[in-house]
Amino acid sequence: MEFEREKETKEIGIIGFGEMGRLYADLFLKAGWKNINVSDLPSKYEALKKEFKDSPINVLPDGHAVSRRSDYILYSVEAALITSVVKTYGPSTKVGAVVGGQTSVKEPEIKAFETYLPPDVHIVSCHSLHGPSVSPKGQPLVIIRHRSEQEPFEFASRVLSALESKPVHLTFQRHDRITADTQAVTHVAFLSMGCAWRTQKTFPWENPSYLGGIENVKIAMTLRIYHNKWHVYAGLAIMNPSAKIQVRQFSQSVSDLFKLMIQEKEKEFTERVYKAADFVFGRAKAENLPILLSDDLLDQFSLSAIPKEMRKPNSHLSLLAMVDSWCQLGINPYDHLICQTPPFRLLLGITEYCFRKQDFLDEAIKAALYDKNIRPDDMEYYSATKGWVDCIELGSFETYQKRFEETAEFFKDRLPHATQTAASMIKVLTKNE
């Protein structure tokens with residue numbers, strides 16, 4: 001009863017009304033919260049007021065107006081902008097309010113809150129580990145109780161329960177480390193596939209080396225990423241210090257393996273791949289644990305019209321390098337499933353499929369060493385990873401945007417279909433858990 005009364009009287013504020021802000025507002029309304037205040041750039045105020053004139057959502061001129069009256073305030077802005085936005089609107093925060101952010105990198109967000117919010121404000125931040133096209137139901141939701149008494153923390157938790165997500169309680173430092181391990185490297189792996197295909201002027205669904213099974217996941221998830229906003233991935237990679245360590249090692253693993261491949265050093269290459277396989281998947285194999293992804297599930301989703309029987313071997317350099325980088329850094333990816341994102345869940349699933357099916361792994365090793373037909377693709381993948389890592393280490397948002405948008409433009413006709421396919425994969429995967 002008290003909870004229902006709270007929904008009538010408490011006000012929720014969202015500063016930044018992009019796709020994620022809209023998703024949250026819609027779910028809060030559906031859960032019965034009556035007072036939702038939102039704002040975006042002042043230049044968008046009139047357009048938003050017109051768009052929501054028949055909606056219970058209360059569009060306000062700016063973040064000052066949202067901050068002054070709302071009891072729970074969520075900053076839903078780009079990671080690169082969080083400091084400037086909190087600096088502008090944070091001092092207007094209502095006494096005793098609870099404030100959180102939805103950025104994918106928490107260190108700059110928390111520092112901004114500590115610096116610019118009044119001391120009589122509580123800080124309970126969050127991060128939904130999925131994009132706006134994925135239902136939050138059952139997905140991980142990181143909740144960070146940074147500075148809060150018990151009652152305001154419980155209030156924030158009740159508000160966020162509207163998402164029907166799985167709460168994961170972490171510190172902001174632990175969050176950033178895990179997202180570096182899971183999201184940043186995952187994105188670079190898929191982004192590099194897209195760049196390599198664009199450079200080759202190849203549509204992978206037309207190539208027999210990218211048919212069936214795990215190739216369906218690679219293609220669909222790569223194009224799904226390129227159908228999203230570039231800044232979502234740039235902020236996470238460039239602003240998270242831990243991410244640079246992970247992506248640097250991934251690129252180094254690609255480089256090390258590619259050099260062994262072109263020299264056809266079979267013994268050294270095979271030993272390195274097997275060592276990584278044992279480190280990451282040894283326990284699962286020894287205990288005969290089920291593989292995350294099945295052939296039936298993988299084969300449901302294809303963007304290609306070429307029959308699966310025409311599939312040619314592939315080196316799967318991206319997957320071999322991913323597992324090698326986990327091994328080199330001493331990372332057990334299964335430990336991070338508490339903060340899994342849909343792309344990471346699928347990436348772990350296809351790497352496990354590749355490494356735990358012995359015939360499949362041996363075929364990939366043989367193709368990597370001796371199949372000259374796929375060598376150009378592997379060379380372009382090697383170059384693409386170097387380009388993305390250089391961009392991230394230089395901290396260049398401009399270069400990141402340029403690389404991202406040029407590749408997205410190349411695939412633009414297939415992006416909506418691929419996004420639907422990826423969403424179907426994620427839905428089936430979530431249902432099977």
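The structure is a predicted model, in which local features require a pLDDT of at least 70 and side-chain atom pairs count only at pLDDT 80 or more, whereas totals for chains, interfaces and linings use all residues. Residues are numbered from 1 along each chain as its sequence is written, and side-chain values use heavy atoms, with hydrogens and water left out.

The protein chain comprises 19 helices and 8 strands, where helices (H or I, at least four residues) and strands (E, at least two) are DSSP runs numbered from the N terminus. Of the 433 residues in the protein chain, 58% are buried, a class defined as under 20% relative accessible area, with exposed meaning over 50% and partly exposed the range in between (1.4 Å probe, protein chains only). Among the contacts in the protein chain with a separation of 6 or more, 80% are accounted for by residues 24 or more positions apart, a contact being heavy atoms within 4.5 Å.

By residue class, the contact of α8 with α9 divides into 10 nonpolar, 3 polar and 1 charged, where Ala, Val, Leu, Ile, Met, Phe, Trp, Tyr, Cys and Pro count as nonpolar, Asp, Glu, Lys and Arg as charged, and the others, Gly among them, as polar.

For α14 and α15, the packing angle is about 100° and the axes lie 10 Å apart, which makes α14 roughly perpendicular to α15. On the α14 side this contact is made by Leu319, Leu320, Met322, Val323 and Trp326, and on the α15 side by Phe344, Leu347, Leu348, Ile350, Thr351, Cys354 and Phe355; these residues divide into 11 nonpolar, 1 polar and no charged. Helix α15 also packs against helix α16 (residues 358-370), at an angle of about 90° and with the axes 5 Å apart, so that α15 and α16 are likewise roughly perpendicular to each other. Here Tyr353, Cys354, Phe355 and Arg356 of α15 meet Gln358, Phe360 and Leu361 of α16, a set that divides into 5 nonpolar, 1 polar and 1 charged.

Grid points are joined across faces, edges and corners, and a volume is the space filled by probe spheres set on the points. The search of the whole structure finds 2 cavities of 30 Å³ or more. The second largest cavity holds about 30 Å³ and is lined by Asp181, Val185, Gln246, Phe250, Ser325, Trp326, Leu329 and Ile331. Two or more of these lining residues come from each of α8 (172-199), α11 (241-262) and α14 (317-329), with α14 giving the most, at 3 residues.

The largest pocket has a volume of about 1000 Å³, and of its 45 lining residues the closest to the centre are Ser76, Val77, Glu78, His231 and Val232. The largest share of this lining, 5 residues, comes from α10, and the lining as a whole divides into 18 nonpolar, 21 polar and 6 charged.

Among the loop residues, Ser104 is found between β5 (98-101) and α6 (106-116) and is buried, with a relative accessible area of 13%. Not counting residues up to four places away in sequence, Ser104 touches His127, His175, Asp176, Thr179, Val232 and Leu236. Lys201, in the loop between α8 and α9, is exposed, with a relative accessible area of 68%, and has a positive phi of about 55° although it is not a glycine. Glu164, in the loop between α7 (150-160) and β8 (166-169), has a positive phi near 60° and is also a residue other than glycine.

Technical notes
On a 1 Å grid over the protein atoms alone, a cavity is a set of points where a 1.4 Å probe fits but cannot get out, and a pocket is an open set with protein on both sides within 12 Å along at least five of seven lines; lining residues have an atom within 4 Å of a point. Axes are lines fitted to C-alpha atoms, for helices over the stretch in contact, and angles run from 0 to 180 degrees between N-to-C directions. Angles under 35 degrees count as roughly parallel, over 145 as roughly antiparallel, 65 to 115 as roughly perpendicular and the rest as oblique.
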